[in-house]
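Subject: Structure handover

Hello,

Here is the structure that I said I would pass on. My notes follow below it.

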Amino acid sequence: SKAKIGAITDVGRPHPLLPMPPAICGVGSTSLGGTAAGKPWRATPSEVSTDVADSDTHSTDSESVALSAGREPGHQRTIVDDNASADACRTFSVRPALDAYGFVVRDEEDPRLTSPSAPRSRLLSALAPRGRAVAGRANRDLQVWLHMLHAWPQWNRLPRSVLLKRRVRKGVPDALRAHVWSLCVGSPAATRSLPPYEELIGACAPSVVDEIERDVRRTFPDHEIFLHDERRTPLAASGTPDGVRLLGRVLAAYAAAEPSVQYCQGLNLLCGALLMYAPEARAFSLLVALTSTCGMRSMFEDGLPGVTAALDAFDGLIMAQLPRLHMHLVRHAVSPSSYATRWLMTAFIGCLPFEACVRALDCIFFDRDIKILYRLGIAILQEHEAELRTLQGIELLAALRDVPSRCTDVDALFRRALGLEIRRSAINALLVTSCNEQHRAPERLGDSARLQRLSDRRAAEAAQQRTHSQHSRLSSTIAMRVASRSRRDHSA
């Protein structure tokens, strides 16, 4: 069976960049706090290391862990026995807790970790919030996906592709994401005509390399593989590959492979997310496929023409789907470019919870289209429409930039987004209109001029509709008067 699925013969092994616990929850098994194979884990008491020789004094069932709040990762923390005095406390070096995607969880972000008298059972529950039921469901999903990958050509065409699309929208298992993404877009074929990867890295211009270096050090500062040297955990410091270095290498290779793009801010976030799931060379091929096959290259070209067109299309979708909110935004001179640029350029990375971002990437790679980004944007605005319509000025703009971070129920957000009636044909029509307007203009208009143009056009359309309504009412009044006079004449 491994020969059939080729590149995923190592399913179940941890990603070389991601920290994993001593035991991995394999396919078909569950573990307290475990998730599907290949996912990062939170720290558990088995991962706690001590500098105290006689650590067996803390092996009783009545022990509890007091984790001090507000500490940086790697700080010393204290483990306390319920029956012992304060003098009996011993100091342990605790690896920082990680969420399901490898991001460091601060103590203040999880109040269950801050109680000084939390019993052991509560600690285990806090460090492993997914629990046995979710771990078992994740492993069952992994088995289903492995079965589909055995017969991928049959699942990738009708009638099975309908069910495959439904499962992709629910999220691809983390252990298989990189392989499924590659199958969906044929990423090796996208780089087949390019020079070898190592040659591309060396061909990158020094000025572009300097620009990349400035950005990669600010990319995902709280993720395990991108932590800076002074914040590294013991595992990261003991030989785990440097994610910052790999990110710089992939972006340098991409800059040499795509001269029309080279490097643009936003690519670092997309590439960083790919590196969390794929090795270096595969992440490069996926980034090339994301920009070429999935249609995101124009968003990063000189002048950002794709972003301008996408924002105009998004504005048209707001007008069609949420007309009252659109009128409110136009009235207060708030354009999509002031809040939605990052949404579209980075697939909501850094805006929505990371689970939603990788599920959006699942849909982009499967559909070879970014339509899901428009759907998610409209769904976010729809969910918070009532609140946004009560705000104005700076408060309105701040709320628009903040609302994605409040969408914590990812499943509900995707149900709302996928339930919207947004067709690719409608998006294409809006994009064509925007491109035609850009080409007719003597020069690219700024945001304020473009907003004024759109506002004038819509005001003219509204005035035309009002005139048509007045003519209709006048015609109806004249007809009623004629009919009334005819009845009076007839009665006379």
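Which residues of α17 are buried? They are Phe-354, Ala-356, Cys-357, Val-358, Arg-359, Ala-360, Leu-361, Asp-362, Cys-363, Ile-364, Phe-365 and Phe-366. Buried here means under 20% relative accessible area, exposed means over 50%, and partly exposed is in between (1.4 Å probe, protein chains only).

Before the rest, the conventions. This is a predicted model, in which local features need pLDDT of at least 70 and side-chain atom pairs count only at pLDDT 80 or more, while totals for chains, interfaces and linings use all residues. Residues are numbered from 1 along each chain as its sequence is written, and side-chain values use heavy atoms, with hydrogens and water left out.

The chain overall

The chain has 23 helices and 4 strands; these are DSSP runs numbered from the N terminus, with helices being H or I of at least four residues and strands E of at least two. Of its 492 residues, 47% count as buried. Among contacts (heavy atoms within 4.5 Å) with a separation of 6 or more, 73% are between residues 24 or more positions apart. The accessible surface comes to about 24,000 Å², and carbon and sulfur atoms account for 52% of that. Areas were computed by the Shrake-Rupley method with a 1.4 Å probe, and for residues only the protein chains shown count as cover.

Helix α17

Helix α17 covers residues 354-367. At 1.5 Å a residue its 14 residues should span 20 Å, and the end C-alpha atoms are 20 Å apart, which agrees. The expected span is taken as 1.5 Å times one less than the number of residues. Because 12 of the 14 residues are buried, α17 is largely enclosed by the rest of the structure. The cover over those buried residues includes α5 (160-170), α6 (177-185), α12 (267-275), α13 (280-292), α18 (371-383) and α21 (410-418). After α17 comes Arg-368, which has a positive phi near 55°.

Phe-365 also figures in the largest nonpolar core, which has 119 residues: together with Tyr-339 and Leu-381, Phe-365 touches the most other members. A nonpolar core is a set of buried Ala, Val, Leu, Ile, Met, Phe, Trp, Tyr and Cys residues joined through side-chain atoms within 4.5 Å. Leaving aside neighbours within four places in sequence, Leu-381 is in contact with Phe-314, Ile-318, Leu-322, Leu-325, Tyr-339, Trp-343, Leu-388 and Leu-400.

Salt bridges

How many salt bridges are there? The count comes to 12, where a salt bridge is a side-chain nitrogen of Lys or Arg within 4 Å of a carboxyl oxygen of Asp or Glu.

One of them joins the side chains of Arg-177 and Asp-362, at 2.8 Å from N to O. Arg-177 lies in helix α6 and Asp-362 in helix α17, so the pair ties together parts that are 185 residues apart in sequence. Arg-177 is buried, with a relative accessible area of 2%, and Asp-362 is buried at 1%. Beyond its neighbours within four places in sequence, Arg-177 is in contact with Gly-171, Val-172, Tyr-277, Val-358, Arg-359 and Asp-362. Arg-177 and Tyr-277 are 100 residues apart along the chain, with their C-alpha atoms separated by 6.8 Å.

Another salt bridge pairs Asp-411 with Arg-359, with the closest N and O atoms 2.7 Å apart. This pair links distant parts of the chain, since Asp-411 is in helix α21 and Arg-359 in helix α17, 52 residues apart. Asp-411 is partly exposed at 41% relative accessibility, whereas Arg-359 is buried at 5%.

Arg-423 and Glu-421 also form a salt bridge, their closest N and O atoms being 3.1 Å apart. Both Arg-423 and Glu-421 are exposed. Salt bridges with shared partners join Asp-174, Arg-177 and Asp-362 into one network.

Surface points

Leu-474, Ile-478 and Val-482 make a nonpolar surface patch of about 280 Å². Patches are built from residues with over 30% relative accessible area and no salt bridge, with like charges joined within 9 Å and nonpolar side chains (Val, Leu, Ile, Met, Phe, Trp, Tyr) within 5 Å. Val-482 is in helix α23 (residues 447-491).

Pro-259 sits in the loop between α11 (243-257) and α12 and is exposed, with a relative accessible area of 60%. The C-alpha atoms of Pro-259 and Cys-204, 55 residues apart along the chain, are separated by 9.6 Å.

Regards
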